[in-house]
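Please look over the sequence and the structure shown here before reading on.

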Amino acid sequence: MLYDPALHEQLTETPWDERLVRAAIWRLVADVDAVYDADALWPAHDWDGWHAALPLKNLYVGAGGMAWGLDALRRRDAAETALEPADVAARALDAFRREPDFMQDEQERAKRMSALLVGEAGLLLVAWRLRPSDELADALLARVHENLGNDTNELMWGVPGTLLAARAMFEWTGEERWADAVRESESDVREARDEDGLWTQRLWGSTFRSLSPPHGLVGNVAALGDVGDAAEILRGRAVRENGRANWFDGDGRLQWCVGAPGIVTHATGYLDEDLVLGAAQLIWDAGPKNDEKGAGICHGTAANGYALLKTFERTGDERWLERARAFAVHALEQAERLPPRYSLFTGGIGAALFAADCLGAEARFPLLDGF
């Protein structure tokens with residue numbers, strides 16, 4: 001079996017309607033605005049805040065990611081928040097500096113403060129993007145340098161994540177110090193690569209290797225901007241069945257962080273087209289993620305929908321745009337029906353961004369496709 005059917009559910013029968021989709025995005029943003037508290041930020045979902053210091057501040061499931069998401073929705077003319085995202089980002093950074101929100105088992109990581117998605121580096125980047133200052137840029141550069149030599153070679157914690165940050169800062173500023181940081185980080189990521197083209201991770205008390213965007217090959221290649229032999233590696237590791245395809249990192253999950261959706265989303269530009277189509281067909285046939293997994297862009301329905309939207313971009317076949325939009329409608333319904341999650345990667349803002357991309361028929365996966 002290429003995936004676990006128990007993690008999926010039947011697709012909604014509600015048709016795509018641009019007017020209704022826009023209204024749903026606005027409702028999600030209005031709820032975000034209403035719940036926000038300048039001191040407490042947003043309440044944490046039990047899964048997102050497990051053994052962590054609340055409120056959550058980081059990019060992955062905290063207020064930093066929410067600030068970026070609200071600004072992105074504004075930039076895409078999808079919705080207008082009553083909050084000022086730059087203020088939210090600044091408060092999240094200040095709160096993180098007072099009490100970082102690492103989970104209990106993350107406290108001992110030597111370079112944890114430099115992490116992009118769960119550390120200070122990501123918060124500094126978002127805060128600078130929304131309200132630039134020399135102090136923020138200097139602090140971020142220090143975190144990028146500090147992260148060199150990290151033995152976790154992936155986007156969430158490791159140098160590939162701070163490489164993305166350095167590359168974004170160079171694009172925005174043109175400053176040579178950021179070009180130097182990009183070169184140093186690229187060299188570090190390349191030197192850590194194993195002979196077979198993968199990277200070894202040391203994370204959560206385990207040593208493992210992965211193909212996934214947050215923890216392995218596809219994300220690291222995206223950070224490097226150098227495909228190399230990634231297409232060949234993915235072709236060799238694909239599991240095929242009846243014209244469909246998936247990639248296993250130990251089980252049959254089908255989501256951004258494990259399996260075909262994340263690989264298609266970030267490798268569509270170089271992956272063999274038969275694998276793109278086979279994986280996209282599997283994602284469509286499996287259906288949306290169930291309510292336990294939710295609507296989000298990490299392990300939820302919007303995550304899988306992004307792979308369908310990327311398949312449309314690769315092939316130009318309108319059928320994949322229609323299918324992506326069907327997933328967007330389902331994700332929005334889940335985000336409104338389920339207990340709210342105020343999080344970029346696991347909550348309604350991520351689903352709203354996916355729906356906004358479906359409106360414009362352009363896939364811009366948060367952070368990895370540009371800040």
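## Charged pairs

Arg74 is partly exposed, with a relative accessible area of 23%, where buried means under 20% relative accessible area, exposed over 50%, and partly exposed in between, computed with a 1.4 Å probe on protein chains only. This is a predicted model, in which local features need pLDDT of at least 70 and side-chain atom pairs count only at pLDDT 80 or more, while totals for chains, interfaces and linings use all residues. Residues are numbered from 1 along each chain as its sequence is written, and side-chain values use heavy atoms, with hydrogens and water left out.

The side chain of Arg74 meets that of Glu80 in a salt bridge, with 2.7 Å from N to O; a salt bridge is a side-chain nitrogen of Lys or Arg within 4 Å of a carboxyl oxygen of Asp or Glu. Side chains of opposite charge can pair when their charged atoms come close.

| Salt bridge | N to O distance | Relative accessible area |
|---|---|---|
| Arg74 and Glu80 | 2.7 Å | Arg74 23%, Glu80 39% |
| Glu186 and Arg190 | 3.9 Å | Glu186 15%, Arg190 39% |
| Asp357 and Arg364 | 3.1 Å | Asp357 0%, Arg364 25% |

Glu186 and Arg190 both lie in helix H7 (residues 176-191), four residues apart, which is about one turn of the helix; helices here are DSSP runs of H or I with at least four residues, strands are runs of E with at least two, and both are numbered from the N terminus.

## Two buried aspartates

Asp101 is found in the loop between helix H3 (85-98) and helix H4 (120-130). Asp101 is buried yet has no salt bridge, and the nearest side chain of opposite charge, that of Lys57, is 4.4 Å away; Lys and Arg count as positive and Asp and Glu as negative, while His and the chain ends are not counted. The side chain of Asp101 does, however, reach the backbone nitrogen of Lys57 at 2.3 Å, and a polar atom of that side chain lies 3.2 Å from the backbone nitrogen of Asn58.

Asp48 has its place in the loop between helix H1 (18-35) and helix H2 (63-75), and it is buried, with a relative accessible area of 6%. Its side chain makes a polar contact with the side chain of Thr346 at 3.0 Å, a polar contact being a pair of N or O atoms within 3.5 Å; within protein, one must be able to donate a hydrogen and the other to accept it, and residues adjacent in sequence count only if both atoms are side-chain atoms.

## Cysteines and a hairpin

The count of disulfides comes to zero, a disulfide being a pair of cysteine sulfur atoms within 2.5 Å. Cys257 is in no disulfide, and the nearest cysteine sulfur, that of Cys298, is 3.7 Å away. Cys257 is buried at 12% relative accessible area, and Cys298 also counts as buried, at 3%.

Strand E1 (residues 200-203) and strand E2 (residues 206-209) pair in the antiparallel sense over four bridges; two strands pair if DSSP finds at least two bridges between them. In E2, Arg209 is the bridge partner of Thr200. The two strands form a hairpin with two residues between them, and Trp204 in the turn has a positive phi of about 55°.
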